[in-house]
Amino acid sequence: MAMSFNQTGDGEWKLDVTGYSCPHPQMYTKKALQKMSSGDVLTLVFDNPSSGESIVAMCESDGNDVFEREEASGNFVWKIRKA
Amino acid sequence: MDVNASTTKPAPGLKRPNMLYSIAIVLIVILGSVWALSIDNRFLYLLVYVWFGVIYGIFLQYGRFCMAAAVRDLFAVRVPRMAVGMMIAVGLYALVASVVTLAGFNTFHAHPLGWHVLIGGLIFGFGFVFTGGCASGSLYKAGEGNMNSMLVILAISFTQAIVVAESGWLNWMAPEAWVASAAAKDMPESLSVTEGWFDLFTAGYFWDMKGATLGEMLGAAESPWAMAFWNTFVNALLPVIVLLIALYAYYYRKSYLRKSGLANPSLKDEISGIWHMCISSKNTAIAGIFLGIFAGLHMWVTGVLREHYEIFNFGELLSAMGYTQGLSVQDTVFDPGYWYITTQEAQWGAWVLEKLGIDMMDNIFFGLDNGIPNPLLNAPGFMSIGIILGAAILANARREFKWKMPSLETATFAIVGGILMGIGARLAMGCNIGAFFATVTNGDPSGWIFLLGMVGGGYLGVKVFTKWMDWKMARDGGCDL
């Protein structure tokens, strides 16, 4: 298990924090979004449900858009567009 | 961002929600309850703890309700979601507790207030940044299949048991005044109260203070309505209102005004903003409301049962049923009558250590007060197991259950953080539930001091955790952060 954050295309990034509990996913997501430019899209992969609540609230506060959420069997794949 | 406008869909190739596991757990609880009652119907007293534990677990999982997040996320990601939920729960619990008190069924006893509450809260708050969950949060996350949280529970359990029963090597830290005061207490020789740091702390320091609710401190004990005013309104509801306004001002107002397009907000706009903050995470707010209500009802039901069985402590009932093993010298066991977490975990750890041949009853904590009952007869212990089961019921129903195994990094955090939480909980004589949630809601101001310690510890913990993350990313490379 290791965190990974990579650029996957033009304006597209992927952060995988599978296996990590609070507060890793939300803190890594915050750092990842800070690194990205406005309009870039982050694909976020995680499996800690409670981090999702914090990430939604964090995005809402900063104006970032969680525009797609796939959720099943404890695995979450979200797409976030940076404001 | 409009979260409601986002699309939510199941990941491709994954199955529909499997309710079978949830139904199986519900059946286990029902059949276990019937079995216990068939042995002796007085086990109803123990089962009340189980059932309230299941309810707590369901709502904790529903709202992702974790008091570690309430403190940590303020500093880590500037998110007040959980802090707001926690304040809602405090407000509701306080209101129900007030009714329970007026009805004469309150089981709460105020905690003595001293430096130990602040220091204990500080250590506890520092630790829970690394474990990823508070005492109750770790239980519900264990119910989601998170084995890191199981490690946290183990670390909390054994640390507390060792701190309480095997702290003689720390005697040099006990002031002479504690030793003299403890020796003067005339305790049974079997407890050897002058031979362990925690015993000296308890008998030589803690017992020399008196716990009191705010109403009692202000001499209002004769008037139930005056007590309700001081204990419920002044000690609980007023601080909740002040803290909600502070959370709004520091963490929510700016983004709310930006999204609402309000350049010069009126008082009405500001109140509307506070309301929006409270309902911004509906799950958390709903969980806060119901956890508060059920925590109060729990006290009520236990109080009624104590009156029905004419007991003050479950140990009397166990003794009457013929179960005398593991009772304290006073024939008592730990039986708070309300939501509590860490003391029963200490009993679990002590029970295992005693089975390994270590004498765990030669101290005040277990030998005089709480006993070390068999886990199958540990009523508050079953409340904690109920929390795990309740969370597992809902996590399976929501397709969120997943066995999550620890890595070396997360296991280290879980164990070290859990050890710190265990030390903090014993120093403060409680955790985020016993030393904070149950106290402030029942008129005991010591809980706010514990919260102050938790906030300080959480702030320091986030600083250290951030440095760890930065160091790790610089060391590992291989990513673009």
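The largest cavity is lined by residues of both chains: A:Ala57, A:Glu60, A:Ser61, B:Arg78, B:Val79, B:Pro80, B:Arg81, B:Tyr251, B:Tyr252, B:Ser255, B:Met277 and B:Ser280. The model is predicted; local features need pLDDT of at least 70, side-chain atom pairs count only at pLDDT 80 or more, and totals for chains, interfaces and linings use all residues. Residues are numbered from 1 along each chain as its sequence is written, chains are lettered from A and ligands numbered from 1 in the order written, and side-chain values use heavy atoms, without hydrogens and water.

**Cavities and the pocket**

A cavity is a set of points, on a 1 Å grid over the protein atoms alone, where a 1.4 Å probe fits but cannot get out. A pocket is an open set with protein on both sides within 12 Å along at least five of seven lines. Lining residues have an atom within 4 Å of a point. Grid points are joined across faces, edges and corners, and a volume is the space filled by probe spheres set on the points. By this rule there are three cavities of 30 Å³ or more.

| Space | Volume |
|---|---|
| Largest cavity | about 100 Å³ |
| Second largest cavity | about 60 Å³ |
| Largest pocket | about 1100 Å³ |

Helices are DSSP runs (H or I, at least four residues), numbered from the N terminus. Helix H2 (49–62) of chain A and helix H11 (224–260) of chain B each supply at least two residues of the largest cavity's lining. That lining has six nonpolar, three polar and three charged residues. Here Ala, Val, Leu, Ile, Met, Phe, Trp, Tyr, Cys and Pro count as nonpolar, Asp, Glu, Lys and Arg as charged, and the others, Gly among them, as polar.

The second largest cavity has residues of both chains in its lining, including A:Cys22, A:His24, B:Phe130 and B:Phe413. H18(B) gives the largest share, three residues. The classes are four nonpolar, five polar and no charged.

The largest pocket has 33 lining residues. B:His109, B:Phe334, B:Pro336, B:Tyr338 and B:Asn370 lie nearest its centre. H16(B) gives the most to this lining, with four residues. By class, the pocket lining holds 15 nonpolar, 13 polar and five charged residues.

**Cores**

A nonpolar core is a set of buried Ala, Val, Leu, Ile, Met, Phe, Trp, Tyr and Cys residues joined through side-chain atoms within 4.5 Å. Buried means under 20% relative accessible area, exposed over 50%, partly exposed in between (1.4 Å probe, protein chains only). The largest core has 130 residues, and A:Leu42, B:Trp339, B:Phe436 and B:Phe437 have the most contacts inside it. Helix H4 (residues 81–103) of chain B gives the most to this core, with 12 residues. Apart from it lies another core, of 26 residues, among them B:Ala161 and B:Met429.

**Two helices of chain B**

Helix H2 (residues 44–62) of chain B has 19 residues and reaches 27 Å from first C-alpha to last. That is close to the expected 27 Å, which is 1.5 Å times one less than the number of residues. In H2(B), 14 of the 19 residues are buried, so the helix is largely enclosed by the rest of the structure. B:Arg64 follows H2(B), with a positive phi near 45°.

B:Ile25 is found in helix H1 (residues 20–39) of chain B. B:Ile25 is buried, at 13% relative accessible area. Its contacts (heavy atoms within 4.5 Å) include B:Leu389 and B:Ile393, not counting residues up to four places away in sequence.
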